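I am opening a notebook on this structure and will write down what I looked up, entry by entry.

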Amino acid sequence: MAAAQGAFSLREVLAAFQACVTEQREVLLGPYLCGWRGLVRFLNGLGAIFSFISKDAVAKIQIMESYCGGERREEYRTLQAMVRYELSGGLVDLQRRSAHPDSGCRTVLRLHRALKWLQLFLEGLRTARQDASTSAICTDSYNASLAAYHPWVVRKAAAVAFCALPSRDAFLEVMNVGGPEEAVEMLGDALPHIRDVYGITQELYEQHRLLDLP
């Protein structure tokens, strides 16, 4: 799985999300998926603890890459074009999963929800004290984002896994940008771009009533 290979680089993620938003405030799906590939490498660099999220993200990335490289690739150049194309063509299961369980709109929604968790978690790492509990940061971020969409058994497994998280400095070392101070500084540069992409996506999905797709 190409999306899960290689060492994580926060600089690459920053560059990808910087390149996501056009002057017209559209989200380019190519850089978006590139940024997500980087975030998966971050998760994989922390071991099996986050596999329940990273494996699902990899599957969703691969679905979207097939759309972006397929015969209708122009319809999947931007998030906005994809939503227009799939809704106008009746390609989205709005009430229940049936004919189009892997539509682009539904697939991106799953990545979108996970992106909120990562955004909150990384922001928590950036602003926390050196001796802060990463378990508490991760749990709070998860409960404020992904937990609502996971069944009880997954939430329970996540709570147990989060108890074994490494220290804040260990997380910052995985960023591969130098020491903790450099990592914190670069997170400060990267997170506004991630928040911007998330915000545009959230507004678009709200506008088209897609936030609760089955």
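What volume does the largest cavity have? I found about 40 Å³ for the largest cavity, in what is a predicted model, where local features need pLDDT of at least 70, side-chain atom pairs count only at pLDDT 80 or more, and totals for chains, interfaces and linings use all residues. Residues are numbered from 1 along each chain as its sequence is written, and side-chain values use heavy atoms, with hydrogens and water left out.

**Cavity.** On a 1 Å grid over the protein atoms alone, a cavity is a set of points where a 1.4 Å probe fits but cannot get out, and lining residues have an atom within 4 Å of a point. Grid points are joined across faces, edges and corners, and a volume is the space filled by probe spheres set on the points. I counted one cavity of 30 Å³ or more. Its lining includes Phe 8, Leu 122 and Ile 194, and helix 9 (180-207) gives the largest share, three residues.

**Pocket.** A pocket is an open set with protein on both sides within 12 Å along at least five of seven lines. I read about 260 Å³ for the largest pocket, to whose lining helix 3 (51-68) and helix 5 each supply at least two residues; helices are DSSP runs (H or I, at least four residues), numbered from the N terminus. The lining divides into eight nonpolar, one polar and three charged residues, among them Asp 56, Arg 110 and His 150.

**Helices 6 and 7.** I looked up helix 6 (residues 134-143) and helix 7 (residues 152-162), whose axes come within 9 Å and cross at roughly 160°; axes are lines fitted to C-alpha atoms, for helices over the stretch in contact, and angles run from 0 to 180 degrees between N-to-C directions. The two helices are therefore roughly antiparallel to each other, a word used for angles over 145 degrees. In their contact (heavy atoms within 4.5 Å), Ser 135, Cys 138, Thr 139 and Tyr 142 of helix 6 meet Val 154, Arg 155, Ala 158 and Phe 162 of helix 7.

**Helices 4 and 5.** Helix 4 (residues 79-88) and helix 5 (residues 104-127) pack at about 140°, with axes 9 Å apart. That makes helix 4 oblique to helix 5, the class left after angles under 35, over 145 and 65 to 115 degrees are taken out.

Conventions: Ala, Val, Leu, Ile, Met, Phe, Trp, Tyr, Cys and Pro count as nonpolar, Asp, Glu, Lys and Arg as charged, and the others, Gly among them, as polar.
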